[in-house]
Amino acid sequence: MSLLEVTDLRVSFSTPDGVVRAVRGVSFAVDRGRTLGIVGESGSGKSVSTQTLMGLTPGAKVSGQALFEGADLLTAGERRMRQIRGAEIAMIFQDPLSSLHPLYKVGRQIEEMIRAHEPDTGRDAVRKRAVEMLGTVGIPQPAQRAEEYPHQFSGGMRQRAMIAMALALNPKLIIADEPTTALDATVQAQILDLMRRLQREFDTALIMITHDLGVIADMADDVLVMYGGKAAEKARRRPLYYRPHHPYTKGLLQSTPSAAAGADRLRPIPGQPPSLINIPTGCVFHPRCEYVMDRCVTDEPVLDPVTGDDDPTHVSACWLPLEALGLGEDAERLRQRAVEEGRVRARPAAAANGGAPESSGAVDAIAEPPGPDADAGTDADTAGRDGPPGEDGGGTRGDGGTA
């Protein structure tokens with residue numbers, strides 16, 4: 001059994017404007033010592049999913065199951081959750097300046113968290129452990145720094161202090177909610193290196209939430225791509241980067257800056273994420289998808305295993321052919337052929353009804369997708385992107401997706 005197994009998690013909030021369905025049936029698992037990366041644009045449900053596991057979404061309507069070492073977090077009482085938070089599952093938030101209390105010294109805040117879970121530990125021992133943790137995360141002169149206030153720390157130092165607090169009780173799982181978003185590139189790299197080192201040292205499972213695929217490439221073993229409150233695609237790291245199936249994953253990869261010389265211009269995903277009060281019918285991504293077909297507007301796809309990939313965990317929620325993998329020319333031809341056939345099949349039905357479309361999402365109302373970009377799917381383009389380092393037993397570099 002995995003350390004954490006989440007099944008069909010659903011979270012909604014009642015507002016004056018309507019019900020916000022923030023998370024709509026998400027499932028994932030995290031094993032000990034491994035890292036799950038959850039990626040997606042703002043409003044995709046990433047943070048709400050993990051905050052719900054920690055019991056930090058008061059007023060929300062929650063259903064599903066979240067087994068942590070066999071016990072369901074969603075049905076645990078507040079007293080039990082107070083025992084779990086910090087000691088067994090720790091959380092690192094996006095903005096450490098707003099997470100740390102401005103009127104208390106940094107060392108005292110770490111000590112307070114330790115004493116809350118270990119009330120019988122002596123004051124001197126708690127103090128010593130807090131200073132040791134500050135040193136462990138690379139803060140110089142930790143004894144002196146423990147006597148300073150959060151505003152006296154730089155952004156990177158504050159985030160290191162938050163990591164020290166998260167690791168102080170050696171939790172089994174750490175949830176890092178965009179921990180490097182507010183940091184510059186060099187400090188971000190230092191924080192990621194620190195988290196990798198400490199994860200190996202403490203054998204901690206990690207959930208990394210981010211919108212930055214570069215961070216996921218550095219950190220994750222497995223990746224969950226979320227859009228509109230649902231999982232769009234799940235896979236191990238290398239297959240997802242080199243053989244993506246879902247158009248949203250493909251769009252995220254093509255909009256990621258590359259350090260390679262002569263790299264192509266970025267291709268942003270058009271449009272905006274959907275309202276989670278008025279969710280589009282069918283595939284939630286169809287208003288922004290260049291491969292939209294008639295059934296995409298009316299029928300909601302489910303996660304299905306992709307074809308021809310070495311990763312048995314690779315699943316995607318898309319009506320495109322499951323063998324259309326990667327960014328190569330063969331895969332692009334498969335996608336374009338599927339789009340043409342998907343629209344052609346709908347035209348005779350519309351003609352039989354006197355030219356009226358069968359639904360509001362009929363083919364005639366869908367804009368034609370742009371033609372395949374000859375440069376978009378070449379192996380050179382795939383090689384030019386900053387791909388994920390290391391090997392984890394899945395995926396190959398190439399254009400993929402042959403008929």
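Q: Which residue of strand 7 is the bridge partner of I89?
A: L173 is the bridge partner of I89 in strand 7. Strands here are DSSP runs (E, at least two residues), and helices are DSSP runs too (H or I, at least four), both numbered from the N terminus. This is a predicted model, in which local features need pLDDT of at least 70 and side-chain atom pairs count only at pLDDT 80 or more, while totals for chains, interfaces and linings use all residues. Residues are numbered from 1 along each chain as its sequence is written, and side-chain values use heavy atoms, with hydrogens and water left out.

Q: What makes strand 6 and strand 7 a pair?
A: Two strands pair if DSSP finds at least two bridges between them. Strand 6 and strand 7 have four, and they run parallel.

Q: How many bridges join strand 7 to strand 8?
A: Five, again in the parallel sense.

Q: Why is strand 7 called largely enclosed?
A: Buried means under 20% relative accessible area (exposed is over 50%, partly exposed in between; 1.4 Å probe, protein chains only). Five of the five residues of strand 7 are buried, so the rest of the structure largely encloses this strand. L173, I175 and D177 cover one side, and I174 and A176 the other.

Q: What makes strand 6 and strand 11 edge strands?
A: The open sheet has eight strands in the order 6-7-8-3-9-10-12-11, with mixed pairing. Strand 6 (89-92) and strand 11 (304-305) each have a single partner strand, so one side of each lacks a neighbour in the sheet.

Q: How do strand 11 and strand 12 (residues 315-316) run, parallel or antiparallel?
A: They run antiparallel, joined by two bridges. P305 has V315 as its bridge partner in strand 12.

Q: Why are helix 4 and helix 5 called oblique?
A: Helix 4 (residues 106-117) and helix 5 (residues 123-136) pack at about 120 degrees, with axes 9 Å apart. Axes are lines fitted to C-alpha atoms, for helices over the stretch in contact, and angles run from 0 to 180 degrees between N-to-C directions. Angles under 35 degrees count as roughly parallel, over 145 as roughly antiparallel, 65 to 115 as roughly perpendicular and the rest as oblique. Helix 4 and helix 5 are therefore oblique.

Q: Which residues make the contact of helix 4 with helix 5?
A: Contact means heavy atoms within 4.5 Å. Helix 4 contributes V106, G107, I110, E111, I114 and R115, and helix 5 contributes R123, V126, R127, R129, A130 and L134.
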